[in-house]
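Here are my notes on the model you sent. Please read them with the structure open.

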Amino acid sequence: MQDTPVSATFCRPGGDSGAAGAGADAAGRDIRAIHALKTRLRLSDDDYRALLVRLTGCVSSKLCTPAQRRQLREHLQRLAERAGQAAP
């Protein structure tokens, strides 16, 4: 049996992505923190995308729900702590 490739169609739009107000601010903060952690961990784009798809089923953090972004951020934070990297 072949693995079915994961695509953005398996993601629910974040709902607050691109919306005005506090939701958009929170999404932006989460996405900035996620990308700061990605940089601190020195993850290649391919490795980051593979991790993102494995954890959330999404191909972009912008497509993640707030809960999925939180899950990704917390996972990257745990990795950074194990690697001795400071929190963003």
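Buried means under 20% relative accessible area, exposed means over 50%, and partly exposed lies in between (1.4 Å probe, protein chains only). This is a predicted model: local features need pLDDT of at least 70, side-chain atom pairs count only at pLDDT 80 or more, and totals for chains, interfaces and linings use all residues. Residues are numbered from 1 along each chain as its sequence is written, and side-chain values use heavy atoms, with hydrogens and water left out.

1. Overall fold. The protein chain has 3 helices and 0 strands. Helices (H or I, at least four residues) and strands (E, at least two) are DSSP runs, numbered from the N terminus. Of its 88 residues, 34% count as buried.

2. Core. The largest nonpolar core has 12 residues, among them Ile34, Leu51, Cys58 and Leu76. Such a core is a set of buried Ala, Val, Leu, Ile, Met, Phe, Trp, Tyr and Cys residues joined through side-chain atoms within 4.5 Å. Helices α1 (22-40), α2 (45-56) and α3 (66-82) each supply at least two of its residues. The most come from α2, with 4.

3. Helix α3. This helix has 17 residues. Its buried residues include Gln68, Arg69, His75 and Gln77. Just after α3, Gly84 takes a positive phi of about 80 degrees.

4. The structure holds 4 salt bridges. The term means a side-chain nitrogen of Lys or Arg within 4 Å of a carboxyl oxygen of Asp or Glu. Asp30 pairs with Arg69 at 3.9 Å, N to O. Asp30 is in helix α1 and Arg69 in helix α3, so the pair ties together parts 39 residues apart in sequence. Asp30 also pairs with Arg73, at 3.0 Å, N to O. Arg73 lies in helix α3 too, so this pair ties together parts 43 residues apart in sequence. Asp30 is buried, at 17% relative accessibility. Arg73 is partly exposed, at 30%.

5. A pair within α2. Asp45 and Arg49 form a salt bridge at 3.6 Å, N to O. They are 4 residues apart in helix α2, so about one helical turn separates them. Asp45 is partly exposed, at 38% relative accessibility. Arg49 is partly exposed as well, at 32%. By contrast, shared partners join Asp30, Arg69 and Arg73 into one salt-bridge network.

6. Ser60 sits in the loop between α2 and α3. A polar atom of its side chain lies 3.2 Å from the backbone nitrogen of Lys62.

Key:
Expected span 1.5 Å × (residues − 1). Polar contact = N/O pair within 3.5 Å; in protein donor to acceptor, adjacent residues only side chain to side chain.
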